[in-house]
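The notes are grouped by topic and can be checked against the structure one by one.

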Amino acid sequence: MTGEPDLSPARLRHARFAIAAVFCVHGAVTGSFATRIPWIQDHAGLGSGTLGLALGFPALGAALAMPLAGRISHRFGARAALRGLLALWTLSLVLPGLAPNLWTLCGALFVYGATAGMSDVAMNALGVETENRLGRSVMSSLHGMWSVGALLGSAAGTVAAHAGTDARLHHLVAALALTAAGLVAVRGVLDLRAAREEEAPPRFSRPPRTALLIGGVGFCAVFAEGASLDWSAVYLRDVLGSAAGPAAASTTAFALTMALARLAGDRVVDRFGAVRTVRAGGVLAVAGGLLVVGVRQPAAAMAGFGLIGLGIAVVVPLAFAAAARSGPAPAQAIAGVATITYTSGLIAPSAIGAVADASSLVVSFGLVTLLACALTAGAGVLRTGRVPGAARDTNRDEPAPIRP
């Protein structure tokens, strides 16, 4: 892609802060939605199973729309594409609360997921391009800013839920404010455009074999993230009998630990290495899962969700780093890992609902705990990004910078 004529250090720093603000806005939409899922469930008259079915439609929308983001950026330029896609995502926040029944909610969540996926691809692509031009890693902190946004959105949602505010009004105000903030933030990102001779990106890229095990580790972490973010409030309300305010606060606790761990994650990994960091994180996530399912008290469950967030926070950036050094085609490997991890996050809410409908939400979070165990066991694949039996180019345990 061709860049701007002015790529001075000051301009690059400004672009870095701008894309960080975009990540924050994106996360705030997710946090705002997650805390009001119980209200939306009651408004549409849904049980756990039908809510799980509806929460699968964002996955469908994202899966169908994500490949379009690259083509939109190729045609209109990275900044213009991100401006439009981010605005569609922030405005889509109002749709789920308007749905009076299952099928209208499914349609609303399909649009919600499609706009989420396209804007996510666009902002991550710009984040990688910004990192390349800076010559140092910034993706971990960008994902940390996404978690900060999710924390802010969930905190506002907790206040709204505690006050008994109608989610339709809450989401309308949040959507307008976040759209305005997003439009301001996008003005500062890099204005990159495809070179004339550059071909449009393919609609689908088959993940290489080396990406599968790395993606499997990311799958476990992102499944736990998606399950906790979308179901923690429902769990406290339906299983533990908490009021709306404390139930929504569980989502805030989860988002808080995710944000803190991601912002501090680079220092921890530099000191202890990727494998030991992920293994220790897996132990924390297992402990959190055991608190959630084994101690039937709201305070213990909130602490458990916080430990899950702390344990899984840095896994995805480390999986991307491992993919980048796993073979001769780092871009394809990273794309494969991203596909696996994002798919996990999108299917987790509906999978949790299906298990809960067949048994209970306690059993659903028992599954999350088992996946945290698998995360601990599989952390070794992040050492070099090589699958067993493949040639190993290094024994280093520290992550490499992501390079497309």
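What follows is a briefing on helices, aromatic pairs, salt bridges, a surface patch and cysteines. The model is predicted. It holds 6 aromatic pairs and 4 salt bridges, and the count of disulfides is 0.

**Helices**

- Helix α8 covers residues 139-162, which makes 24 residues.
- Of the 24 residues of α8, 18 are buried, so the helix is largely enclosed by the rest of the structure.
- After α8 comes Gly 164, which has a positive phi, near 75°.
- Helix α13 has 15 residues, 298-312. Its end C-alpha atoms are 21 Å apart, in agreement with the 21 Å that it should span at 1.5 Å a residue.
- Which residues of α13 are buried? They are Ala 300, Ala 301, Gly 304, Phe 305, Gly 306, Ile 308, Gly 309, Gly 311 and Ile 312.
- As background for reading such a list, an α-helix has 3.6 residues a turn, so residues three or four places apart point the same way.

**Aromatic pairs**

- A pair of aromatic rings is described by the distance of the centres and the angle of the planes.
- The structure holds 6 aromatic pairs, among them Phe 33 with Tyr 112. The ring centres of Phe 33 and Tyr 112 are 4.8 Å apart and the planes are at 40°, so this pair is tilted.
- Phe 33 belongs to helix α1 (residues 9-35) and Tyr 112 to helix α7 (residues 102-134), so the pair ties together parts that are 79 residues apart in sequence.
- Phe 33 counts as buried, at 5% relative accessibility, and Tyr 112 is buried too, with a relative accessible area of 7%.
- Another pair is Tyr 235 with Phe 365, whose ring centres are 5.3 Å apart. Their planes are at 80°, so the pair is edge-to-face.
- Tyr 235 lies in helix α10 (residues 210-238) and Phe 365 in helix α16 (residues 361-377), so this pair ties together parts that are 130 residues apart in sequence. Tyr 235 and Phe 365 are both buried.
- Phe 33 and Tyr 112 also belong to one aromatic cluster with Trp 89.

**Salt bridges**

- Side chains of opposite charge can pair when their charged atoms come close.
- By the rule used here, the structure has 4 salt bridges. One of them is between Arg 237 and Asp 42, at 3.1 Å from N to O.
- Is Asp 42 buried or exposed? Asp 42 is exposed, with a relative accessible area of 52%.
- Arg 262 forms a salt bridge with Glu 225, and their closest N and O atoms are 3.5 Å apart.
- Arg 262 lies in helix α11 (residues 244-272) and Glu 225 in helix α10, so this pair ties together parts that are 37 residues apart in sequence.
- Arg 262 counts as buried at 5% relative accessibility, and Glu 225 counts as buried at 13%.
- Arg 237 also has a salt bridge with Asp 238, where the closest N and O atoms are 2.8 Å apart. Asp 238 is partly exposed, with a relative accessible area of 39%.
- Shared partners join Asp 42, Arg 237 and Asp 238 into one network of salt bridges.

**Surface patch**

- Leu 91, Leu 172 and Leu 176 form a nonpolar patch on the surface. Together they have about 270 Å² of accessible area.
- Leu 91 is part of helix α5 (residues 78-91), and this residue is partly exposed, with a relative accessible area of 39%.

**Cysteines**

- A disulfide is a covalent bond between the sulfur atoms of two cysteines. The count here comes to 0 disulfides.
- Cys 220 is buried, with a relative accessible area of 10%. Cys 106 is buried as well, with a relative accessible area of 2%.

Key:
Residues numbered from 1 in each chain as written. Predicted model: local features only at pLDDT ≥ 70, side-chain atom pairs only at ≥ 80, totals over all residues. Heavy atoms only, no water. Disulfide = S-S within 2.5 Å. Buried < 20%, exposed > 50% of the residue type's maximum accessible area, 1.4 Å probe, protein only. Helix = DSSP H or I, 4+ residues; strand = E, 2+ residues; numbered from the N terminus. Expected span 1.5 Å × (residues − 1). Phe/Tyr/Trp six-rings, centres within 6.5 Å; stacked < 30°, edge-to-face > 60°. Patch = residues over 30% accessible without salt bridge, like charges linked within 9 Å, V, L, I, M, F, W, Y side chains within 5 Å. Areas by Shrake-Rupley, 256 points an atom, 1.4 Å probe, with all protein chains shown as cover. Salt bridge = Lys/Arg side-chain N within 4 Å of Asp/Glu carboxyl O.
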